[in-house]
Amino acid sequence: MKVIALNKSASFEYFIEEKFEAGIVLEGSEVKSLRAGKASLGESFCEVRAGQVLLKNMHVALYDKSGAFSTREARKDRKLLLHKNEIAKIAGKINERGYTLVPLKIYFKDALVKIEIALCKGKHAYDKKRSIAERDQKRATDRAVKEIFHD
């Protein structure tokens with residue numbers, strides 16, 4: 001499994017509740033750009049509309065060798081491929097309980113491009129401060145352990 005792009009801010013901004021693996025509908029030149037690692041999930045999000053899950057605002061750079069065939073947008077909506085029961089479950093949770101559907105990473109699984117999406121709940125400011133404090137504490141303990149065993 002080769003990871004193409006990660007959404008690093010997702011785990012900081014949200015509590016991740018449940019993850020799903022989905023396929024994604026792409027054009028040939030988009031796959032070639034992904035193989036070169038030219039994609040970003042930074043500001044992307046997912047939306048359920050008319051029984052389909054759409055990935056919005058994911059940036060895939062134009063493939064430079066595609067020539068006249070590169071007449072598409074870099075941030076167009078892309079359809080995600082999920083089972084109907086998964087889509088129904090996601091739509092129900094988003095409508096009822098205030099969940100958000102966020103892409104976490106995009107990767108190659110064998111020759112297929114897959115995307116990992118998650119049902120998330122937003123963090124409050126105090127939750128974010130707590131996660132920063134925990135991260136700093138873990139970094140300090142790792143540094144102390146490294147100094148003890150390194151000397």
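This is a predicted model: local features need pLDDT of at least 70, side-chain atom pairs count only at pLDDT 80 or more; totals for chains, interfaces and linings use all residues.
Biologist: Why is Ala-50 called exposed?

Modeller: Ala-50 has a relative accessible area of 78%. The word exposed applies over 50%, so Ala-50 is exposed.

Biologist: Where is Ala-50, and what is its phi?

Modeller: Ala-50 lies in the loop between strand E4 (45-49) and E5. Its phi is positive, about 55°, although Ala-50 is not a glycine.

Biologist: What makes Asp-110 exposed?

Modeller: The relative accessible area of Asp-110 is 77%. The cut-off is over 50%, so Asp-110 is exposed. Asp-110 sits in the loop between strand E8 (100-109) and strand E9 (112-122), and its phi is positive, near 60°, in a residue other than glycine.

Biologist: How do you know that strand E2 (residues 14-24) and E7 pair?

Modeller: Strands E2 and E7 are joined by 2 bridges. Pairing needs at least two bridges, so E2 and E7 pair. They run antiparallel, and Ile-24 has Leu-80 of E7 as its bridge partner.

Biologist: Why is strand E5 (residues 52-56) said to pair with E7?

Modeller: There are 3 bridges between E5 and E7. At least two are required, so E5 and E7 pair. The sense is antiparallel, and the bridge partner of Val-53 in E7 is Leu-80.

Biologist: Which residues of strand E7 (residues 78-81) are on the covered face, and which on the uncovered one?

Modeller: Arg-78 and Leu-80 form the covered face of E7, while Lys-79 and Leu-81 form the uncovered one.

Technical notes. Residues are numbered from 1 along each chain as its sequence is written. Side-chain values use heavy atoms; hydrogens and water are left out. Buried means under 20% relative accessible area, exposed over 50%, partly exposed in between (1.4 Å probe, protein chains only). Helices (H or I, at least four residues) and strands (E, at least two) are DSSP runs, numbered from the N terminus.
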